[in-house]
Amino acid sequence: MLGRGDRLARSAGFLLHGNAKTPEDLKAALAYRVGRVVVDSFDEIDQLGMLGNGQKVLVRVTPGVDGHTHRALTTGVGDQKFGFSLAGGAAAEAACRVLAQPGLRLVGLHCHLGSQLTRVGPLEEAARRMVGLLADLRDAEGVILSELNLGGGHAVRYVEADDEFDLAGYHDRLTGALSYECEKRGLPIPVVTVEPGRALVARAGITLYRAVTVKHVPGGRTFVAVDGGMSDNPRPALYDSQYTVELIGRPRQAPARTMTVVGRHCESGDVLARDVPLPADVAAGDLLAVACTGAYHHSLASTYNLGRPPARGRGGRRRGPSARAAGDRGGPPCSRRRLVAAPGRVAPAPAAAARAYPAAPAMAGPAIWPTATDAFSRLSPPQASRKDQAHDRLAPPPRPAPP
């Protein structure tokens with residue numbers, strides 16, 4: 001779990017999360033001097049207690065607050081796998097068990113209501129309940145815990161109709177709620193931590209796909225099938241997630257028409273973007289850009305149905321034989337241009353994507369495309385060479401492997 005980021009974990013004091021940490025995970029956490037371990041079960045407390053040597057610990061609490069998000073992303077209510085129930089008394093018992101372990105040091109509490117939270121009210125209510133538990137532990141155990149981690153889950157906009165999280169409003173209401181509750185209960189205000197992971201990185205990613213076929217179903221939808229699918233992004237299938245999709249690489253010459261972007265897998269639910277506006281003349285070989293794929297997109301990728309794991313690189317360097325352009329099964333490894341912005345791959349640097357695919361139109365609103373707008377409309381990339389232009393055309397079918 002920690003192997004690839006060990007140097008960073010040593011220097012940054014990470015929090016180690018997880019509802020099912022293995023003994024190897026816990027040993028690695030201690031070896032890498034992880035800043036806090038967020039304990040999630042009584043078994044974990046016992047195992048970590050036998051290993052710990054003053055390890056700082058947070059107890060994950062399930063406060064019984066609904067974050068009003070997708071049911072598969074809700075983690076703050078009872079009867080689910082995360083944390084210790086506040087209402088049932090398990091959270092208080094967990095804190096007592098940590099305090100009884102000589103090798104552990106309880107420094108605070110943790111909670112997390114879920115992902116894609118748009119309402120501030122549930123987060124405020126969770127904070128109030130957590131302060132109540134801090135006061136109960138002081139009264140019962142004589143300990144004042146100095147840290148309160150309220151998790152993350154702050155929503156980002158994937159389409160224009162999505163609500164955006166009011167971070168400034170959250171700050172104001174959280175500050176007021178903590179001040180009031182702590183003063184009422186005679187507690188010092190704890191150090192508050194939040195974990196806005198998706199909100200920091202989601203908009204930093206753009207994924208490019210190449211259209212393979214366009215199918216018009218009489219009396220039904222128009223389906224644009226691309227060279228990817230649920231093997232690189234299962235979120236639409238899992239959570240009914242929606243995305244903003246734009247045609248790039250050539251001028252738009254036709255009015256918009258509602259279409260559904262689908263993948264190439266043997267699943268009718270293999271949908272990447274349902275009922276999105278695209279130019280009516282979109283055709284095989286066109287490039288489609290999907291916004292807001294910097295979080296929970298390629299990190300969920302698999303090789304299901306012979307799907308391609310996403311190619312990754314730094315500064316355009318190739319990363320092994322899988323770093324090939326889509327469709328190039330038997331050809332040479334892709335160039336820097338093709339690795340950074342290959343169809344069906346994440347484009348880590350928007351400027352590089354603009355160099356690879358110039359002449360793109362202006363994108364949708366800045367809330368969806370904050371980096372793509374700069375990358376595709378402000379830069380003046382050099383013209384591609386004839387060799388590059390030829391390489392960007394539809395690749396021929398792969399030749400069969402020799403027997």
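Guide: Start with one term: contact means heavy atoms within 4.5 Å. Also, this is a predicted model.

Visitor: OK. Which residues of α4 meet α5?
Guide: From α4, Ala-91, Ala-92, Ala-95, Cys-96 and Leu-99 take part. Their partners in α5 are Leu-133, Leu-137 and Glu-141.

Visitor: And how many of those are nonpolar, polar or charged?
Guide: Seven are nonpolar, none is polar and one is charged.

Visitor: At what angle do the axes of α4 and α5 cross?
Guide: Roughly 50 degrees. The axes of α4, residues 90-99, and α5, residues 121-141, come within 11 Å. That angle makes α4 oblique to α5.

Visitor: Is the crossing left-handed or right-handed?
Guide: The crossing of α4 and α5 is right-handed.

Visitor: Switching topic. Where is Cys-182?
Guide: Cys-182 lies in helix α6, which covers residues 167-185.

Visitor: Buried or exposed, and why?
Guide: Cys-182 is buried, because its relative accessibility is 1%. The cut-off for buried is under 20%.

Visitor: What is Cys-182 in contact with?
Guide: Skip neighbours within four places in sequence. Then Cys-182 contacts Val-131, Leu-187, Pro-188, Ile-189 and Pro-190. Also, the C-alpha atoms of Cys-182 and Ala-135 are 8.5 Å apart. Along the chain, those two are separated by 47 residues.

Visitor: Last one: where is Thr-260?
Guide: Thr-260 is in strand β11, residues 256-262. Thr-260 counts as buried, at 1% relative accessibility.

Visitor: What does Thr-260 touch?
Guide: Leaving out residues up to four places away in sequence, Thr-260 touches Arg-221, Thr-222, Phe-223 and Val-224, and also Val-271, Ala-273, Arg-274 and Asp-275.

Conventions
Residues numbered from 1 in each chain as written. Predicted model: local features only at pLDDT ≥ 70, side-chain atom pairs only at ≥ 80, totals over all residues. Heavy atoms only, no water. Helix = DSSP H or I, 4+ residues; strand = E, 2+ residues; numbered from the N terminus. Buried < 20%, exposed > 50% of the residue type's maximum accessible area, 1.4 Å probe, protein only. Axes fitted to C-alpha atoms, helices over the stretch in contact; angles between N-to-C directions. Parallel < 35°, antiparallel > 145°, perpendicular 65-115°, else oblique. Left-handed = near helix turned anticlockwise from the far one by under 90°. Nonpolar A, V, L, I, M, F, W, Y, C, P; charged D, E, K, R; others polar.
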